[in-house]
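Thank you all for coming.

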Amino acid sequence: MDHKHDHHDHDLDPDTMYTQATWDARYAESERIWSGQPNQRLVEEVADLAPGRALDVGCGEGADAVWLAGRGWRVTALDVSEVALSRVRAHAVEAGVADRVGTLHHDLVGGGPAPGRYDLVSVHFFQPLPSQFGELYGGLADLVDAGGSLLVVGHHPDDVATGARRPHGPQLMFTPEQVVEILDPGQWEVVTESAPTREMAGDEGPVTVRDTVVRAVRR
Ligand SMILES: C[S@@+](CC[C@H](N)C(=O)[O-])C[C@H]1O[C@@H](n2cnc3c(N)ncnc32)[C@H](O)[C@@H]1O
């Protein structure tokens, strides 16, 4: 889902950029931050999968979780922000899928790996510090059951050069190769490793952004 509002510079302080206080304050700034539409790459990658148990990591206001639930998935929507999670619950009720959407308040940076086992772990635009990248994404990969998918979508480093993602710290952008590197080839089949572009609304008109997209299936 595209941004309605840009990040502020203070969000880039590594000591505060992943805390509940920062994200609760950010969500509280407006009634809705994200577009309310499911992420394009989620739809592309998951539409043909048989539904099961899904974990939506850093779920924000829940558009992806609601979309998944509408397709029959039982979704755990995880975020550090209680403000965001209360919006997820409200949107799930509005969409008539509250029985298939649960929320999990969890701090992925300060609180270690999330609990549970899933048929799909879906992460969109969670950009960890490089020092935490392997541990964090490795921990999320561990939550995928045999035959299940890990889907990681992030901001690609190309966006630094185009200026399309000015508010994001360049050190936080990552490539598909960086995600694939943390997956043991003996345990994972990489089915998507790509960096497609898409158009989105920018402050001064449409901008082209590049996504990092990796989907891997646990053997
Ligand atoms: C860039 S937003 C992405 C939201 C949504 N996935 C999307 O695609 O629009 C990042 C999300 O990660 C959450 N987040 C930030 N730090 C976190 C942490 N330490 N643990 C869990 N979630 C966190 C934020 O609250 C926010 O909802």
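What we have is a predicted model, in which local features need pLDDT of at least 70 and side-chain atom pairs count only at pLDDT 80 or more, while totals for chains, interfaces and linings use all residues. Residues are numbered from 1 along each chain as its sequence is written, and side-chain values use heavy atoms, with hydrogens and water left out.

On confidence, pLDDT (the predictor's confidence in each residue, from 0 to 100) averages 92 over the protein, and 93% of the residues score at least 70. Residues 2-10, however, stay under 50.

Turning to the ligand, 19 residues surround it, and Tyr-27, Gly-58, Asp-79, Asp-107 and Leu-108 are the closest, where a residue is counted if one of its heavy atoms lies within 4 Å. The side chain of Tyr-27 places an N or O atom 2.5 Å from an oxygen atom of the ligand, and for the side chain of Asp-79 the distance from such an atom to a ligand oxygen is 2.5 Å. Of the 590 Å² of accessible area (Shrake-Rupley, 1.4 Å probe) that the ligand has on its own, the protein covers 98%.

Finally, helix 5, a DSSP run of H or I with at least four residues, takes in residues 130-141 and reaches 17 Å from its first C-alpha to its last, close to the 16 Å expected at 1.5 Å a residue, that expectation being 1.5 Å times one less than the number of residues. Its buried residues, meaning those under 20% relative accessible area (1.4 Å probe, protein chains only), include Phe-133, Leu-136 and Tyr-137.

Technical notes: Helices (H or I, at least four residues) and strands (E, at least two) are DSSP runs, numbered from the N terminus. Buried means under 20% relative accessible area, exposed over 50%, partly exposed in between (1.4 Å probe, protein chains only). Contact means heavy atoms within 4.5 Å. A polar contact is a pair of N or O atoms within 3.5 Å; within protein, one must be able to donate a hydrogen and the other to accept it, and residues adjacent in sequence count only if both atoms are side-chain atoms.
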